[in-house]
Amino acid sequence: MAIRPILTAPDLRLKQKSAPVEGGVTDEHRALMDDMLETMYEAPGIGLAAIQVGVPLRIIVMDLAREGEEKQPRYFVNPEILWASEETQPYEEGCLSVPDFYDEVERPARVKLRYLNYKGEQIEEDAEGLFAVCIQHEMDHLEGVLFIDHLSRLKRENALRKLKKARKEAALQA
Ligand code: K2U
Ligand code: ZN
């Protein structure tokens, strides 16, 4: 397993639409998911999409276990939302690709998912609460959408300006 670099905005690769995994889940995909999970734990985060480590495939990993709880890794290949509730819920989101910026995003409170798991088996599952928030946040990544794209233009431009300033200062100190 290996920790991979996480792309940060405004890297244009994050705006790509990721391609479906064709022909089933292979050992190569599983090795990628193992690396993604190790990268996510180290960040730390609770979810990660393959595009965030530069791989434009429809693959997501997640672990919603709390601090001190046993790890509960989850794997989602070619995830689809079959149904979403009209009821929405706000959540203060962050993103490993938009560091140090948090803001409230409104999303459907409950969704019905269909995806392939680590073994390549087809699963249908209902999600609510933080699971619903996280899977929708990660599925946005598969469409090239960041959570700041759901905010006002002023808030989005403010976030990107802060990121560009931080990147310039880091380059000067390197
Ligand atoms: O996509 C990512 O960058 C992973 C996010 C997932 C996430 C975003 C918003 C809401 C829930 C999950 C990172 O895990 S951001 C860090 C984080 C950690 C705990 C709770 C919320 C966000
Ligand atoms: Zn994110």
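Select N78 to begin: N78 is buried, its relative accessible area being 18% (buried means under 20%, exposed over 50%, with a 1.4 Å probe and protein chains only). N78 belongs to strand β3, residues 73-84 (strands are DSSP runs of E of at least two residues, helices runs of H or I of at least four, numbered from the N terminus). Its phi is near 50°, a positive value in a residue other than glycine.

This is a predicted model, in which local features need pLDDT of at least 70, side-chain atom pairs count only at pLDDT 80 or more, and totals for chains, interfaces and linings use all residues. Residues are numbered from 1 along each chain as its sequence is written, chains are lettered from A and ligands numbered from 1 in written order, and side-chain values use heavy atoms, without hydrogens and water.

Next, select D100, in the loop between β4 and β5. D100 also has a positive phi, near 65°, but D100 is exposed, with a relative accessible area of 64%.

Then go to P44, in the loop between α1 and β1. The peptide bond from A43 to P44 is cis, with omega near -5°. Another cis bond runs from A9 to P10, with omega near 10°; P10 is in the segment before α1.

Finish at ligand 1. Around ligand 1 are 15 residues, the closest including I46, L96 and H137 (a residue is near if one of its heavy atoms lies within 4 Å). Helix α2 (129-142) gives the most to this shell, with 6 residues. Show L96: one of its backbone N or O atoms lies 2.7 Å from an oxygen atom of ligand 1.

Notes: Polar contact = N/O pair within 3.5 Å; in protein donor to acceptor, adjacent residues only side chain to side chain.
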